[in-house]
Amino acid sequence: MTPPIRKILSLDGGGIKGVFAATFLASIEEILNINVGDYFDLIVGTSTGAIVALALGRDLSARKILDFYETYGPVIFRRTAMSRILASFFMGRYDALPLRDSLKTVFGTTRLGESKRRLVIPSMNLETGEVHVFKTPHHARLQTDFKASMLDVALASAAAPTYFPVHRPDNGTPLIDGGMWANNPVAAAVVEAISVLDWPRESLRVFSLGSTSEPLNVHWGRKLRLGMLYWGPKISDVFLAAQSSGSLGTAQLLAGKENVFRVSPVVPNGRFALDTVREMNSLRGLGNSEARKWLPTLQPIFFTQRTDVFTPCF
């Protein structure tokens, strides 16, 4: 007997660049007159992708998620002259309170266990140095995370070092951005599907949605033996490029290259930053145009039939 097709949505981190992903999904919703969350069996998101994933689990439309970014993005990433000076040396760029207050308007007191979709949200535990992954109760052994608030889960996955402070939920665990190990979480998504949910790998169809990509540009680092002053500002770009490439390759190896679809348009270096709200209109335009371009490929695979209703174990 042929196993049913299982559809997975993976959402990258990227700060305000989440506007691109939200617009992409909202454009598909508008064209097809659907709610995209209804068409995926598993949704995995990191950082800004975690916010989108949790909101889809909350049964919000992508259009409402985009409205959130447009309304609260400038509030979350607002900086004073003094904060710009201090951020260079002593403190993170942004206060967590505007982010918390903004996310509370979306998630309120909703618990992870109330999600309408299966969710996996990466974070990292600074106390132990281990990964910390929040999961809905989609397996009998997942007996704790369902009690966590969606607000705490979103704040933990989005606590990007140098941008936002470490997030400590009520249990005191110091958590930071899941992008430290899974900014592109597509490998984690496929591993969850195969090893935890026990879905046959040949049944998987995976849509990996990024938040734009840039060419890796290390200039003289390819030829000269340079030190910290040169590599310091560039090392995060190298790390993120390597992580995304490795994650995508792992997913393709496990699920089959032909079953993994990656959308993350390459843009010029420095075109969009994690906190550059002035470029939100350009991100919206790019999201809309990419959705129109990719829809003929994605629709017959992902958007023809709704998935079964998710019934949590707890």
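1. Helix axes are lines fitted to C-alpha atoms over the stretch in contact, and angles run from 0 to 180 degrees between N-to-C directions. On that basis, in this predicted model, helix α5 (residues 96-107) and α6 cross at roughly 140°, and their axes come within 9 Å. Since only angles over 145 degrees count as roughly antiparallel, α5 is oblique to α6. The crossing of α5 and α6 is right-handed.

2. On the α5 side, the residues in this contact are Leu99, Arg100, Leu103, Lys104 and Phe107, and they meet Met150, Leu151, Asp152, Ala154 and Leu155 of α6. The contact of α5 with α6 comprises seven nonpolar and three charged residues, with no polar ones.

3. Helix α6 (residues 150-157) also packs on helix α2 (residues 48-57), at an angle of about 160° and with the axes 9 Å apart. The angle makes α2 roughly antiparallel to α6, because the cut-off for that class is over 145 degrees. The crossing of α2 and α6 is right-handed. From α2 the contact uses Ala50, Ile51, Leu54 and Gly57; from α6 it uses Met150, Val153, Ala154 and Ser157. Six of the residues in the contact of α2 with α6 are nonpolar and two are polar, and no charged residue takes part. Met150 and Ala154 are listed both in this contact and in the one with α5.

4. A further helix pair is α1 (residues 18-32) with α3, whose axes come within 8 Å and cross at roughly 150°. That makes α1 roughly antiparallel to α3. α1 passes α3 in a left-handed crossing. The α1 residues are Gly18, Val19, Ala22, Thr23, Leu25, Ala26 and Glu29, and those of α3 are Ala62, Arg63, Ile65, Leu66 and Tyr69. By class, the contact of α1 with α3 has eight nonpolar, two polar and two charged residues.

5. The structure holds 15 aromatic pairs. One of them is Phe68 with Tyr72, a tilted pair with 5.5 Å centre to centre and 40° between the planes. Phe68 and Tyr72 are four residues apart in helix α3 (residues 62-76), so about one helical turn separates them. Phe68 is buried, because its relative accessibility is 8% and the limit is under 20%. Tyr72, with a relative accessible area of 25%, is partly exposed.

6. Phe146 and Phe314 form a stacked pair, with 5.7 Å centre to centre and 10° between the planes. This pair links distant parts of the chain, the two residues being 168 residues apart: Phe146 lies in the loop between β4 (130-135) and α6, and Phe314 in the segment after α11. Phe314 counts as partly exposed at 40% relative accessibility.

7. Pro312 is also found in the segment after α11 (280-302). Pro312 has a relative accessible area of 30% and is partly exposed. Beyond its neighbours within four places in sequence, Pro312 is in contact with Gly113 and Pro137.

8. One aromatic cluster is formed by Phe20, Phe24, Tyr39, Phe40, Phe207, Phe261, Phe302 and Phe303.

How values were computed. Residues are numbered from 1 along each chain as its sequence is written. This is a predicted model: local features need pLDDT of at least 70, side-chain atom pairs count only at pLDDT 80 or more; totals for chains, interfaces and linings use all residues. Side-chain values use heavy atoms; hydrogens and water are left out. Buried means under 20% relative accessible area, exposed over 50%, partly exposed in between (1.4 Å probe, protein chains only). Contact means heavy atoms within 4.5 Å. Angles under 35 degrees count as roughly parallel, over 145 as roughly antiparallel, 65 to 115 as roughly perpendicular and the rest as oblique. A crossing is left-handed if the near helix is turned anticlockwise from the far one by less than a right angle, and right-handed if clockwise. Ala, Val, Leu, Ile, Met, Phe, Trp, Tyr, Cys and Pro count as nonpolar, Asp, Glu, Lys and Arg as charged, and the others, Gly among them, as polar. Rings of Phe, Tyr and Trp (its six-membered ring) pair if their centres lie within 6.5 Å; planes under 30 degrees apart count as stacked, over 60 as edge-to-face and the rest as tilted.
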